Amino acid sequence: MDMRLRDLSIRAKVLVTGLGALLFVLGVGALASFRYWEREQFALTAEHAVLAARALRPGIEGALAHGQVGAARRQLDALVARPPAAGYRVVLNDGRVLVASRRPEEGLPRSGTPLPDPWDIPTDGLTLRGRGESAASVVVPLAGVGGGRATLELLLDTRRINAAIRRGRSFGLALTTVLGIAYAVVLGLMLEREIMAPLWQLKAGLARASAGEAGVRVGLERKDEFGRLGASVDALLAKEERSQQLAVTRGRALAEQAGFAQVGALAAQIGHEIKRPLAGIQSAIELISQEYAMSDGERGLLTRVEDQLQQVDRTVRDLLSLAKPVGLNAQPAHLSSIVDAALVRVSGTPGADHVTVIRGYDPADPELVVDSGRLEQAVTNLVGNAIEAMPEGGVLRVTTRPAEGGQELVVADTGVGIPPKNIDQIMKPFFSTKPHGTGLGLALVARIVEAHGGRLWVESQVGRGTTFHVILPPTPPASQGATP
Ligand SMILES: Nc1ncnc2c1ncn2[C@@H]1O[C@H](COP(=O)(O)OP(=O)(O)O)[C@@H](O)[C@H]1O
Ligand SMILES: [Mg+2]
């Protein structure tokens, strides 16, 4: 297993770092506290003995001055009965021992823990001195004994002192452990708040956004790196949303917004004016091509004229159907057969053979009361646009399915998509991005859907494709009625 540090989760890294810091703090703390307690405990314990000896001094001096060695011994025995004092002797100037504990060295280890150095503690006239490894002695000058030059040596058991020091160490260790754990907990909570919490927030936001929820923002209101990351993610989400923007239109609102009334009246007039001369030109061209022998070049020219004429003719027809108030000739029909008819109509158009058509019709395919002719016109425009959006080929998916409010028709392509800046324009008459487009197709679709009391909207992503949705109610609104 090849596990590298950078493969660890942030949580694990934080944990490792925190533990490291904790161990370091514990180590330093313990070390410091050991040194402190060692000195402190030794001094305290030894000083205790020194103070006891000092308290006894007048009594012993008095007893020895009067030659009452037994009385002095009793007092001293009582003193050494309590730790850490272990033995005593009163030494005269000439080295003679005046009185000593029965076995002064008894109970003292031969060797033991070295005493801290230096550990001299002068306590007004009394001196505490180290002596070898295992014992310490307190040297107390005695007044009025042996010509004033006698000293009382009090032996201290360093084992007792060391035991006290060990207790101090344990206490120090316990204290640093508790402090260390408290520090680790506080650090952990802080890191959780500072690192893990924003990460979870980011993750949750992204999950919601990728699940398709609209308007999701991470909203990390922070000034640190996470705040900046959150802001970039939010900007990205906003951008993504804009490019996936829905252009939701309801027929009527759209028609009004586009100023249909005026456009319609004008269009009707112009349309009628142009229609007749157009028909004349067309039959004249037909006549010319039949009656006159022409070179290929001349014939090509004529074909181009015919193409242009057809374009004008299409525009005029679209204009007229736009202008006409959509009086529906509504009859029961199946959506599937209307869509089929539209697909047949576009199958001959250029580019259609590069496109794979996938039909997915609602098996129930309920009868709807619709104007089949106009609806077919609308669907023809939608699938025609889809094919035109896939000049390199692609997939056209036509689906019908039950939906809230009626039957839904979905026309989805894998074409060029619609840039967000155009999405609000495409339904308006004369908006076109195509060199020979009339820009009337979708306006007409919107109008026909509106007349049926339906809804129309589009989702698109540049480079991915476009999906048009149409929802048709089972019957058109009463105002439209079934006009024969
Ligand atoms: N399926 C589609 N894919 C990409 N763009 C589309 C699609 N359908 C419509 N459009 C855009 O909407 C514009 C208007 O369409 P339409 O009203 O049918 O007019 P036209 O097809 O004559 O341009 C088109 O020029 C095109 O930019
Ligand atoms: Mg079109």
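1. Glycine 453 follows α10, and its phi is positive, near 75°. Helices here are DSSP runs of H or I with at least four residues, strands are E runs of at least two, and both are numbered from the N terminus.

2. A word on the source. This is a predicted model, in which local features need pLDDT of at least 70 and side-chain atom pairs count only at pLDDT 80 or more, while totals for chains, interfaces and linings use all residues. Residues are numbered from 1 along each chain as its sequence is written, chains are lettered from A and ligands numbered from 1 in the order in which they are written, and side-chain values use heavy atoms, with hydrogens and water left out.

3. Now α10 itself. The helix is mostly covered, with 11 of its 11 residues buried. Buried means under 20% relative accessible area, exposed means over 50%, and partly exposed lies in between (1.4 Å probe, protein chains only). Among the buried residues of α10 are Gly441, Leu442, Arg447 and Glu450.

4. A polar backbone atom of leucine 442 is 2.8 Å from an oxygen atom of the ligand. For a polar backbone atom of glycine 441, the distance to a ligand oxygen atom is 3.4 Å. A polar contact is a pair of N or O atoms within 3.5 Å; within protein, one must be able to donate a hydrogen and the other to accept it, and residues adjacent in sequence count only if both atoms are side-chain atoms.

5. One of its polar side-chain atoms lies 2.8 Å from a nitrogen atom of ligand 1. The protein covers 93% of the 520 Å² of accessible area that ligand 1 has on its own (Shrake-Rupley method, 1.4 Å probe).

6. Look at the whole shell.

7. Two prolines deserve a look. Proline 366 is in the loop between β9 (355-360) and β10 (367-370). Its relative accessibility is 32%, so proline 366 counts as partly exposed. The C-alpha atoms of proline 366 and proline 474 are separated by 8.4 Å, though the residues are 108 apart along the chain.
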